[in-house]
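Hello,

Here is the structure I promised to pass on. Have a look at it first, and then read on for what turned up.

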Amino acid sequence: MSATQEGRVKSVLSGDTLILQNKAKQERTLSLAFINAPRLQQDEPGSFEARELIRKLCVGKIIHFRVLYNIPQKTGGGARDYGIVFLTNGQTLPDLIVQEGWAKLRDDADRKAESPQASELLEKLTALEAHAKADGKGVWATGAKHVQNVREIPDSKAFAEEHKGEAIDAVVER
């Protein structure tokens, strides 16, 4: 396990992955240890909500983090860092996102819990996930309406004509 480091959250890719920037403006990707959040690219239910929870808490803010383990990447030769984020309000990630039901434990999580601290975190996350399931929170909610992710509108003129004069709740990212 590495020492605690500091960085500014530049962006949030998903409910389990952040882009951090150090004082020298160097970027690094940090994924949250032991969890998988729904993926925006696959339009999985809860993906927008998971990312939005983390984005509202972190983007533009200085956080502290600790890398617990690395996994070599199949392409590019580097390794992805997995760790814990300590927010200035005292909350920690991945604890919060699992507690709110927006992420699930990885199937192989127990193989990465090599240190006593990592094992304790995994036990805590397992309990938080069980409570989120029991309470029907986040991805565990039955019949919940999730935000739909649309990558492209094939015919934007037709879409505009169809919804002319209507208010549409939307987030335009690009």
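This is a predicted model: local features need pLDDT of at least 70, side-chain atom pairs count only at pLDDT 80 or more; totals for chains, interfaces and linings use all residues.

**What I found**

Lys25 sits in the loop between strand 2 and strand 3.

The backbone at Lys25 has a phi near 70°, which is a positive value in a residue other than glycine. Most residues other than glycine have a negative phi. Lys25 belongs to the hairpin of strand 2 and strand 3, where five residues lie between the strands. Is Lys25 buried or exposed? Its relative accessibility is 60%, so Lys25 counts as exposed.

**The whole protein**

Let me step back for a moment. The protein contains five helices and eight strands. Along the sequence they follow the pattern β-β-β-β-α-β-β-β-α-β-α-α-α. Taken along the principal axes, the C-alpha atoms fill a box of roughly 60 × 45 × 35 Å.

There are 174 residues in the protein, and 37% of them count as buried. If you take the contacts with a separation of 6 or more, 62% of them are accounted for by residues 24 or more positions apart. As for charge, the protein has 25 positive and 25 negative side chains, and the centres of the two sets lie 6 Å apart.

Strand 2 covers residues 17–21, and five of its five residues are buried. Which residues point which way? Thr17, Ile19 and Gln21 point one way from the strand, while Leu18 and Leu20 point the other way. Residues on both sides are buried.

Strand 2 has a pairing with strand 1, which spans residues 5–14; the two are antiparallel and share five bridges. Within that pairing, Gln21 is the bridge partner of Arg8. A hairpin connects strand 1 to strand 2 through two residues.

Strand 2 also pairs with strand 3 (residues 27–32), again in the antiparallel sense and over five bridges. Here Thr17 stands opposite Ser31 in strand 3.

**Two aspartates worth a look**

Asp16 is in the loop between strand 1 and strand 2. With a relative accessibility of 2%, Asp16 falls under the 20% cut-off, so this residue counts as buried. What does the side chain of Asp16 make a polar contact with? The partner is the side chain of Arg39, at 3.0 Å. Leaving out residues up to four places away in sequence, Asp16 touches Leu30, Ser31, Leu32, Ile35, Asn36, Ala37 and Arg39.

Asp95 is in helix 2, which runs over residues 95–99. Asp95 has 7% relative accessibility and therefore counts as buried. Its side chain is joined to that of Lys124 by a polar contact of 2.7 Å. Apart from neighbours within four places in sequence, Asp95 is in contact with Leu121, Lys124, Leu125 and Leu128.

**Backbone details and one more residue**

The peptide bond from Leu93 to Pro94 is cis, and its omega is near 20°. Most peptide bonds are trans. Pro94 is in the loop between strand 7 (92–93) and helix 2.

Phe34 has a positive phi of about 70°, although this residue is not a glycine. You will find Phe34 in the loop between strand 3 and strand 4 (35–36). Is Phe34 buried or exposed? At 0% relative accessibility, Phe34 counts as buried, whereas Lys25 counts as exposed.

Finally, please look at Glu52, which is in helix 1 (residues 47–58). Its relative accessibility is 16%, so Glu52 counts as buried. Glu52 and Leu13 are 39 residues apart in sequence, and their C-alpha atoms are 9.8 Å apart in space.

I hope this helps you find your way around.

Best wishes

Notes. Residues are numbered from 1 along each chain as its sequence is written. Side-chain values use heavy atoms; hydrogens and water are left out. Buried means under 20% relative accessible area, exposed over 50%, partly exposed in between (1.4 Å probe, protein chains only). Helices (H or I, at least four residues) and strands (E, at least two) are DSSP runs, numbered from the N terminus. Two strands pair if DSSP finds at least two bridges between them. A polar contact is a pair of N or O atoms within 3.5 Å; within protein, one must be able to donate a hydrogen and the other to accept it, and residues adjacent in sequence count only if both atoms are side-chain atoms. Contact means heavy atoms within 4.5 Å. Lys and Arg count as positive and Asp and Glu as negative; His and the chain ends are not counted. The place of a charge is taken as NZ of Lys, CZ of Arg, CG of Asp or CD of Glu.
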